Amino acid sequence: MQAPDGPAGGAPATCYNTRMTNDDRPPDCPGDCQPPKLPLRLPPDLLRLSFEKLRPSAQGLAAWQGGLRAKLAELLALDLAALAAWPPAWQVLQRREMDGYSLSLISFQSLEGLTVPAYLLLPRTPGPWPGVLIAHGHDLGARSAAGVIESNDGQEGLGMRLARGGLAVLAPDLLSFGQRQVGPLPDPVGRRAHEVFANFAMEVGRPIAGLHLMDLMQAQAILAAWPGVDAGRLGVAGLSQGGRLACLLAALETGLRACLVASGLTSSLLVDRGNQHLHDAVPGLLAWADYPDLAGLVAPRALMLSWGLREPFPYCVETRDLVTHNYLRPIWELAGAPENLELDLHPRGHCYNPAAALDFFARHLMAGRTAAME
Ligand SMILES: [Zn+2]
């Protein structure tokens, strides 16, 4: 496989480094990057629906996105027909007034027949309000993402901050996390209960990432139906694992206008080499595309990639430096909206940058209210 614009006899087309100019290369880049050596025989025709492989024209962009979107739904075993037929329904379990917003604990029944707790935060300002779904990160779940508890997991109580800024927020606990932790499950090699569960779910053909997306899609339907929320101005945010899910949700749900991915975009084939948990994986994805291609399904809508300059995870740093500009910018340019691909570099680590997040959603969901982005 040769790069169409690569050096003669040169680097593989999927090496992101080859798309950098000499000035852009990191100091330790050898300039002759090779695919990772895995103890696997990879199929000969990887990434066959990727942007890199197909290089659609501006006229063909929407068709490329539609084809890859359908493939993604298939790989994740999403039951889109059941979702479409689901009338949004919920219960309010608790409600209290907070400083600048109201906080409710609600629940809904998942299409798996499970109870899903979620935090709803509504501003004190007069509506209609734009809305933001939050896909929580690993471990602490929606309580931390919503700001119900203080934590040091990088989620910075984002939900609370957005609600004080005038946005309605819904943050569900996703299957096997937060208040929906499974287990304890016995495991002789010490895996955490949610990893044992993810393994089992994969074996019955239900990848956890797909189940998480189903939870989020139901939450999106509830947020859209909530009295006072403007269903035409919805977005999604996520950090780390939640960032990956936010990106996948915005890739699939074209009604979401703005997506914030904080330390969450990776590239499995050549950058992070599989550095993700089993519950994050999209089975069979690399035959068709890599995660940056899925981010490309958000174009021309607004996507902000937020990265800390003190990011501790090497695969996040590599993706930040190699993929963002070189892979995604051409897609947004082709879509005619390069200004809607935003990069936020902040001085901290693996965490949200709340001020930039609020600014991003305010500009894309609140500005002009009715006129903007129609
Ligand atoms: Zn995990």
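Predicted model: local features only at pLDDT ≥ 70, side-chain atom pairs only at ≥ 80, totals over all residues.
Residues are numbered from 1 along each chain as its sequence is written.

Now show what His-212 touches: leaving out residues up to four places away in sequence, that's Leu-174, Leu-175 and Leu-245 (contact means backbone-placed C-beta atoms within 7 Å).

His-212 belongs to helix 7 (helices are DSSP runs of H or I with at least four residues, strands are E runs of at least two, both numbered from the N terminus). Select helix 7, 208–225, and look at what it lies across: strands 2, 3, 4, 5 and 6, at about 150° to strand 5 (axes are lines fitted to C-alpha atoms, for helices over the stretch in contact, with angles from 0 to 180 degrees between N-to-C directions).

Nine strands make an open, mixed sheet in the order 1-2-3-5-4-6-7-8-9. Strand 1 (91–98) and strand 9 (341–346) are the edges, each with a single partner, so one side of each has no neighbour in the sheet. Zoom in on strands 4 and 5, which pair in the parallel sense over three bridges (pairing takes at least two DSSP bridges). Here Val-132 has Val-169 of strand 5 as its bridge partner.

Stay on Val-169. Beyond its neighbours within four places in sequence, its contacts include Leu-121, Ile-134 and Leu-162. Val-169 is also among the residues with the most contacts inside the largest nonpolar core, which has 101 residues (such a core is a set of buried Ala, Val, Leu, Ile, Met, Phe, Trp, Tyr and Cys joined through C-beta atoms within 7 Å). Helix 7 gives the most to this core, with 10 residues.

Last stop: helix 8, residues 241–252. Is it buried or exposed? Buried: 12 of its 12 residues are, including Leu-245, Ala-246 and Leu-249. Its cover includes helix 2 (61–75), helix 7 and strand 7 (256–262).

Notes:
Expected span 1.5 Å × (residues − 1). Buried ≥ 20, exposed ≤ 12 C-beta atoms within 10 Å, placed from the backbone. Contact = placed C-beta atoms within 7 Å.
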